[in-house]
Every structure is written in C-alpha cells, then in structure tokens.
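This report describes one protein chain, first through single residues and then as a whole. Please keep the sequence and the 3D view open while reading.

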Amino acid sequence: MRSPLVAGNWKMNLTSAEGEALVTEILHLAGENFKIDVVICPSFLAIPKIADVCRRSRIKLGAQNCFWVDKGAFTGQVSPTQLAEFHVDYCIVGHSETRGKFGKLEIPESTVGLFSESDETINLKLKALFYQGVTPILCVGETLAEREAGQTDSVIEAQLRGALVGIEPAEMYGLVVAYEPVWAIGTGQVCDAAEAERVCGMIRGCLGQIADDETSENIRILYGGSVKSDNAAELFRMPNIDGGLVGGASMVAKDFYQIIVAAE
Ligand code: PGA
C-alpha cells in the first residue's frame, strides 16, 4: 500500500526568513499533524533554516538538485553527502527546469550543455542519492511539441530507462517518480485527470518492465504541473496518482494545506 506524498518545490523563491514564516503558517493550519508525507524543497541556502523548523514537525525536507560526486573540485556544486548532513530526505532530479534547455529560459544552444541535466547525469545523481540514503524524486514529462507529435509515452519511457540504467530493483527502494508535463508547469494549464492517470499508469507499467511488478507497485508516482487546491482532489483520486509535486501553490500556506488535505 503506497502512502500519499505531497512535495512543495519553492524553486528560486523565498528567503530563509520567508520560508520559515511560510512553514510556520502551514504547521499552524495543520496542527503539526499530517497523515501523509509532506516534503518541502527550499533553495540550498534556505535548507539549514528550514531543516530546523522541519525537525520540530513531521514535514520532511527535500533539495531541488545535487551533484553526483561526493566531494572535490566542483565549484558551485552541492553533493548528496552535504545534503545528508542537514537531514535532507528527498532530492528532485531531472526537473524540466534543470533538464535540456534549462526550462523555458531562452539561452544560446552552445550553453545548454553547461547547465543541463542529461539522462546520463540524472542516472549518476540517482545512484549517488541512493548511496547516501537520500530519496530521489525523479521528474519525467513531455513538452507540448512532443505531445502534439504523439510522442508522450515514448519520451517518458526513454527518460525512465535512461535514468534507471544499472540500478537494481532492490536499490530503487523509496524512489518517487513525478509525471510533470512540461506544458502544464507554471502555466495554470493542468493536465486532465484522466489523461494524467493514463500516463501515470503507463509509467507504472514501464517501471514494472525496468524493475519488476512488486517494485513498481511500491513506487510512488506524483503528478506535477499547475496543481492547485481546486484540482488536487480530482487528480489524487486516481489509482496511479499517489500525490503531487507542487510549485506555485506550495508557496501559499492555505493553498498548500488544502492540497495536503486533498491527498489525505
Ligand atoms: P507548478 O510547478 O505547480 O507551479 O506548475 C510544478 C513543478 O514545477 O514542479
């Protein structure tokens, strides 16, 4: 039986002080008592402060990215070991804003490789995170052009296979996968619940082929992309959707709390 999970991705928003105030407000609304896993993913710099607040509650802490090497001359990077020091339980990997063309930012083609995650680096990050006991939240999803070309399923299958190369089913313990259609992220254009369920079911089937059925049945699959308090319940009612990865609405205490309630 998979327990629901709701994760808030603050992206490059909120100072430590603003984040602390937000979490305090969420805890005030929730009475510090969640029946599901709630994860907050602040910026790296806000992690120590939010870690303090989370330690006093049942909220778990997540990071938004990491490097795959433990330590060394890698200027500007943060390793899974450094995350583990602050009791970071989860780490987002392969978000569409860190894959490919760095989200929707217009950058010259020649710089894409400098910023972006590829299937290979995503795979290295997953291995490093599992090794450190930090649970990856692996994001997959198609762009609008890929959807319109009828490539949704093949794109996602390739992302899953690329990310999980060389990882044994037994090592995938705890893995969370987030289906995030790129066209739904930050646009207010949520994926229809029935279609989100179809894709999440397809993802589960694919994980069954990559690993095995028992492993895939235990992997939590989230939906992400314009999840709001008024559409969360319909999405979370679907059998293959085990919760949400929430951007914008996770930064409004009342909205995020209502999304948590919908998952409960
Ligand atoms: P959104 O972002 O909820 O603001 O669409 C979701 C995400 O990027 O994970």
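His95 sits in the loop that runs between strand S4 (90-93) and helix H4 (112-115). Helices (H or I, at least four residues) and strands (E, at least two) are DSSP runs, numbered from the N terminus. The model is predicted, so local features need pLDDT of at least 70 and side-chain atom pairs count only at pLDDT 80 or more, while totals for chains, interfaces and linings use all residues. Residues are numbered from 1 along each chain as its sequence is written, and side-chain values use heavy atoms, with hydrogens and water left out.

**Single residues**

Is His95 buried or exposed? His95 is buried, because its relative accessible area is 5%; buried means under 20% relative accessible area, exposed over 50%, and partly exposed in between (1.4 Å probe, protein chains only). Apart from neighbours within four places in sequence, His95 is in contact with Asn9, Lys11, Glu117, Cys139, Glu180 and Ile185. Contact means heavy atoms within 4.5 Å.

Most residues other than glycine have a negative phi. Lys11, although not a glycine, has a positive phi of about 50°. His87 is not a glycine either, and has a positive phi of about 60°. The loop that holds His87 lies between helix H3 (80-85) and S4.

Asp70 is placed in the loop between strand S3 (60-63) and H3. Setting aside residues up to four places away in sequence, Asp70 touches Ser79, Thr81 and Gln132. Asp70 and Val88 are 18 residues apart along the chain, and their C-alpha atoms are separated by 15 Å.

Cys206 is part of helix H8 (residues 193-210). Which residues does Cys206 touch, not counting those up to four places away in sequence? They are Glu157 and Leu160. Cys206 and Arg161 are 45 residues apart in sequence, yet 8.5 Å apart in space, C-alpha to C-alpha.

The table lists the accessibility of these residues.

| Residue | Relative accessible area | Class |
|---|---|---|
| Cys206 | 4% | buried |
| Lys11 | 22% | partly exposed |
| Asp70 | 42% | partly exposed |
| His87 | 53% | exposed |

**The second largest pocket**

Rolling a probe the size of a water molecule over the atoms shows where empty space is left. On a 1 Å grid over the protein atoms alone, a pocket is an open set of points where a 1.4 Å probe fits, with protein on both sides within 12 Å along at least five of seven lines; lining residues have an atom within 4 Å of a point. The second largest pocket holds about 400 Å³ of space, a volume being the space filled by probe spheres set on the points. Its lining has 19 residues, and Met172, Tyr173, Gly174, Leu175 and Asn218 lie nearest its centre. Helix H9 (residues 213-218) gives the largest share of this lining, three residues.

**The whole chain**

The protein chain has eleven helices and eight strands. Along the principal axes, the C-alpha atoms fill a box of roughly 45 × 45 × 40 Å. Buried residues make up 51% of the 264 residues.
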